[in-house]
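Hello,

Here is the structure I promised to pass on.

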Amino acid sequence: MPNHADRQFGIEIVGIGAHTPDKMLTNKDLEGMMDTSDEWIQQRTGIKQRYKADHEHGETVLYLAKGALEKTLANAKMDPSELDLVILATMSQEMTCPPTACRLTAMVGAGNAGAFDFSAACCGFVFAMNTAYGLMQTGPYKNVAVIGADTLTQSVEFNTHGRAAAILFGDAAAGVILKRTEDKTKGLIAQAMHSDGTRWDDLYIPKTKYDLNESDREGNDQLCVLHMNGAGVFRFAVGTFPHVIGQTLEAAGITADDVDHFVCHQSNQRILQAAKERFGLPDEKLHVNIDRFGNTVAASVPLVLNDLREAGRIERGQKVMFVGFGGGLTWGTSLWQI
Ligand code: COA
């Protein structure tokens, strides 16, 4: 394993929290909106329900992120004024300008802490963890919040035409507080970040008609909704997801047995199952909560971490690998000794 005694600082995860909207949509609810069935959805994806933010009544991505950050700070027993930096991983930014993270920082009372939005689709949280670690090693930041928040239900069509995507996504926010520590054993052990922009249109949300790919111009030309090549993304995920885990284990010089938790992006139960089989992982090492939340994009990975915390399964000294894959296409990992 790489020797981290020469690290500048140890970095510790001192707080974990999550926030979901009040309104929940079950598969049965979706049956009333489109031609689908609870059985089809559960068989193909493992999803039973998901949460949907009520934008009209102010339940925006900012509101969800605020709820998550406040709960994460409470879990860390940290005052918001102690934060130096707030990174908000999202592809549901409220406006192009200002960065949603700036309003978030002001709303929780984190004063003039640095704040920026971070866009890497479903890899947002994982890539942001790697970025936060680097900034904390080289910059003056002692306490950093990394929040993943998304409201993709705003970008899917709840009708039969949009059903392949509509059943998959849910809204949520979750995250962590990172803190510098004297204990240099704590922090990032290995990481990977990859992309394939030639496959940009496997998952994309066009703003104008000029953004549409050639085949979508021929009729499937809705703007501001998610266009998804479901089967293509499925094949990509089943292949790259186990591969990037293997690459990261090798870089760290450890095996899957040495990792306590694989905290993975929840996009489809069958994709997670493929990774479990590839590494012979027992259920307790790869926690699945897609049945309760659906795919919550940048919130998905920290939502799993929050489940583990609530169940009392996160302990000091454990090794935790965060794993993401999604639009871009992007895929990557962040392996921590916590
Ligand atoms: N309910 C009922 N039928 C549906 C449906 C739904 N919600 N969505 C699609 N179908 C239909 C299709 O229209 C198709 O019908 P046809 O054979 O008459 O044309 C049939 O079911 C099979 O569709 P297909 O797309 O081949 O299904 P699938 O087994 O690939 O499952 C996904 C579809 C979307 C669940 C699956 O491809 C998937 O999970 N892909 C990955 C998507 C993803 O993870 N995106 C986010 C990445 S971060």
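An oxygen atom of the ligand lies 2.6 Å from an N or O atom in the side chain of Arg 44. For Asn 268, a side-chain N or O atom is 2.7 Å from an oxygen atom of the ligand. In total, 23 residues surround the ligand (one of their heavy atoms lies within 4 Å of it), and Arg 163 and Gly 230 are among the closest.

A word on the source: this is a predicted model, where local features need pLDDT of at least 70 and side-chain atom pairs count only at pLDDT 80 or more, while totals for chains, interfaces and linings use all residues. Residues are numbered from 1 along each chain as its sequence is written, and side-chain values use heavy atoms, with hydrogens and water left out.

The protein chain splits into domain 1 (4-181) and domain 2 (187-296 + 306-337), with bounds from an automatic or database domain assignment. Their C-alpha centres are 15 Å apart. Where they meet, 45 residues of domain 1 are in contact with 42 of domain 2 (heavy atoms within 4.5 Å).

Which side chains form the salt bridge? Those of Glu 12 and Arg 316, at 2.8 Å from N to O; the rule asks for a side-chain nitrogen of Lys or Arg within 4 Å of a carboxyl oxygen of Asp or Glu. One salt bridge is found across this interface.

Best wishes

Terms used:
Polar contact = N/O pair within 3.5 Å; in protein donor to acceptor, adjacent residues only side chain to side chain.
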